[in-house]
Amino acid sequence: MRYHDTQVSPLFYIYMNKYGIKLIADIVLPVLKNIDEKSMFAKHFRAEMINTATSGCKIIFLFAPKFIQPYVFHGAYLTGISSLHGFQWVLFGEYARQFPFDDEGVCNGTVKCTHAFAGTNLFSEQYNISGYSSSNWFRIFGNWFAADKTIYKGGSVSYRPNYIGARMGLGYDAVHLYAAMLAKIIGHQVTATGEQQVAELRKVKIHGLTSYLQLDKHGNRIGYFGSLAHINPRSNRTGSGEERVTEFIRYFQKINNTAQLEIPYSAKGDYQGFDIEAPLTLPHSTRYNLRRYWSHSGMIDIITQRLIRNPREIWPPVKIMRTEKVVPPFFCKKPCGRKLVSPEDVTIFDTGTCISKDKCECKHGYQGAKCHIMECDCENGHCIEPRDCICKEGYTGTYCEKANCTKCKYGTCSKPFECRCHTWIYTWKYCDMHVGYIVLITVAVILISSFFMYLIVTKLIEHRQKRAALANTDWIVDWSTVEIYETSHVSFPYYSRCASMIQRHRWKEQEWYVKFIHSNTIDSKNEALILEMVTLIKLRHENLIQFGGACLVKPNVSLFVEFLDKGSLKDILENEAVDIGWEFRFSFLKDICRGMEFIHDKTDIKSHGRLKSSNCLLNNRWTVRLTGFGAHIIRFGEKRIHIEKTAHGKKELFWTAPELLKNVSDLDGIKAGTPPGDVYSFAIVTCEIITRAPPYKYELNYLSVKEIIGLITYESSKAIRRIWEDIGGKDMLYTRPIIKEEHFQTNKTTRELFGNMIRQCWQEEPLARPMFCTIHQMLAQIHPGKGEFIDNLIYRLETYSSSLEVVIIERTKELEKSKARAEMLLGQMLPRKVANDIREGNKIYPEYFECVTVFFSDIANFSNICEESNAFEIVNFLNETYNAFDEVLDDYDVYKVETISDSYMVVSGLPEKNENRHAGEIATMALDLMSMVTVFEIPHMPKSTLQLRIGIHSGPVVSGVVGKLMPRYCLFGDTVNTASRMESSCYALRIQVSEATAGILEELGGYTLESRGQINVKGRGMMTTFWLWGKDTFRKMLPDQSLALSISKHKFK
């Protein structure tokens, strides 16, 4: 709405189009003549106001000078398009500043005009005058801030100081800008035309009183901002002493070409007692749109133009989104749809848009005054979306106009779902059923019925068999009926140290091998156990062991299996005397494959779980028969007693697949295993057969069992992995037994095929391992069989017999070695001269020796050591002591007679005489043994000193061999008893010699003797004895006497 000669800038229309504002009507007000106070109350611009009211638009932009505005607002109020009637009025720039604040002349005292136009928006440009209180401002403007008043018709109003300052500051800055332009031209000393002056003026940049100042290419000032004032009249009834009509509520700042930043102005504390955002008064309406806009937290001080804190918002300021209500552009009397699309615009509905108060613009597919009628041309259906038909059953097409004939394959569709067939060959509802198909279905039904009948009959038979099995108790062993034979070797053609020792048992007139199970007594009425055992006993296969029964009572819980004379494959492989050719080896492998294939595919056992060479037994025909499978309830049931395995016992895990080794410590945790795990075990058994050695025998020279298992399960340290790689494992993909090239056959093709088969069988991924039927085919390709079974057996026996001669030669050599070892042992038990006489068959007579020297020693505190030690520690201690003594004796011409407990007896001078040197040999040996005490350490008492005491006596004895089963060389005579008394009456860490021995040592010379004096010797009375302290040529250290046991703790005999 604009006055007749008021020009609206073209930019206004450009920006309306840019921001999507639709112009409904352009109302031009005619010239108003004869303006006076009487004409104020006439109905001016009636036609224009009616046109505005009927346009349906609710937002009105007014471009009219201040003397026309009162007439416009008065006419709008009378016509019913004021704010009270729900219309939003907006004034820009100078027109906004000319709003008629005095209301009496406009509304004639009935309703105040400003109240009628509460909510009118006044938008004008504003400038930064935040520094208006500086000295420059006061110097230029003086007291103008509070003095200026503008007179309007009907009254007066006082402008705010910031408004006055902004207008006057703009004038000052304009003069300053022009002066700067002139100074620049004068400085260039040129003559400038008007256009040149304008061009130079746009280049000038200054900082004036209203902040930064520069003009753009259109001559507009850069950097100004907008200020939104709101008509919100308040009287002096609040007691504030001030009447207000206008509130500055919003600060606008352009941030880019398409967006702006809006921050609220502060309001004086007339509302809440402190500065807050001024309340927004909207034109009276029943509907509002929601508007969202970007802003900063905080608010603009109305005086200083600075951003200050709002006590209700975040500070320091942050960018936030605000929401406000605004008057919608149109009010529809009736809705244009079922519901609003969004509360942000009350003119847009789901099925239409309100384009004026009485008119709806419907979306595609809808019609009617309210856009409530959906367009639908469906003949035999309905719509849920415009022109989108949902057809009734039996109809199709865009408008459901066609009967559904698509299913009528060999006929004509007469009605929906009704077909007339062309020929008798086809029938059924849609003529799509061939007569032959019906016959086929009938036959299929008969076959399926027969199949189900077969299943029913089979189930009945199985049920009867189950009942019969549950009634079968013949397999339960009563241990009192079992006869136990003596332990014997398995029946090899010749004896071998590798042969297994097997206990034979007899039950039901038959010999059995009994596998004992560590288990508590098992309930014999357990149905699952009964069925399992009956199935095992009935199981028959050439390569599987035959089960006989089971004992279920502790401590004899056991399995009775067939007894095979040849022992296990492990025994054969470890017996180096048996020459096993590749014919034998491949025959063994094929036998194992056949047995495992039967377990996996033909039984309910499904897996072995314990496949290894010791569970591969051989019968008299050298056929492998597997054992160690089945009987899961007895082997792994809840009654099983777990026994912790030693490190050696854990070697049995070498045959177990890596995926089964995790989180288990022994085979009890693996239980029955898995079929892929059996294939892995087969690969390890194959390695045994190839190398004729237990798995990882070579690797165990460098690594422990635990370390090898850690390598297999990838739980070992980097150091262990490096050792594995250094010994040959770096060329292997996984940790498996190392097989050297020389172990394979010489044929390159066979070697490659064989190696490939092993690698497939021990792959890390279980599902990648082949089945036993495939492995059997591989073996047949690697080593094809020669003829029938009898031919193979004959070939085996011929090969076996050909090695017998070599074995006999080897056994002869072993016999000679055994004879030599026996002679050596006899020489250790008896003197060499006596042993030779026995070997030659000469009779041994007692012999008298005129003078020999006898040595006795014992440990003074041996009884105390026994009280503080266990039996194993005492045995270990004596063994270490006598081994050390024996090493010393090798350097002297002496003979060890015997050891009894801690007593050690040695003699010199027999059976071969050595004149009187026997006393010197024994004395020097005694000093050597006493010197050993200084370095000897008791194994379990390292801080204790060996309290050795020695007694020596010289005199006549009689020697002879006593006994037949265990012959012993013994000495008889008073000399032996006297020597024993010399030892039993001696002090710890000393050597006591008799007067007879001392005399011989004096003759030999060089020995240090000290007389002890006369002592009472049991059975001998008073005797003079001597301490032996050393020898001139003896340089070894003797023990310090301070370490000797106190005399009070001695036990003298």
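**Notes on the cysteines**

1. Cysteine 378 and cysteine 389 form a disulfide, with 1.8 Å between their sulfur atoms; a disulfide here is a pair of cysteine sulfur atoms within 2.5 Å. The torsion about this S-S bond is about -110°, so the disulfide is left-handed. Cysteine 378 sits in the loop between β22 (373-374) and β23 (381-385) and cysteine 389 in strand β24 (residues 388-391), so the pair ties together parts eleven residues apart in sequence. Strands (E, at least two residues) are DSSP runs, numbered from the N terminus.

2. The model is predicted: local features need pLDDT of at least 70, side-chain atom pairs count only at pLDDT 80 or more, and totals for chains, interfaces and linings use all residues. Residues are numbered from 1 along each chain as its sequence is written, and side-chain values use heavy atoms, with hydrogens and water left out.

3. Cysteine 378 is buried at 15% relative accessible area, and cysteine 389 is buried at 14%. Buried means under 20% relative accessible area, exposed over 50%, and partly exposed in between (1.4 Å probe, protein chains only).

4. The structure holds six disulfides. One of them joins cysteine 362 to cysteine 371, S to S 2.1 Å. Its torsion is about -95°, so this disulfide is left-handed. Cysteine 362 is partly exposed at 26%, while cysteine 371 is buried at 1%.

5. Cysteine 421 and cysteine 431 also form a disulfide, their sulfurs 2.0 Å apart. Cysteine 421 is partly exposed at 28%; cysteine 431 is buried at 0%.

6. The cysteine sulfur closest to that of cysteine 593 belongs to cysteine 761, at 7.6 Å, too far for a bond. Cysteine 593 is buried at 0%.

Notes:
Helices (H or I, at least four residues) and strands (E, at least two) are DSSP runs, numbered from the N terminus.
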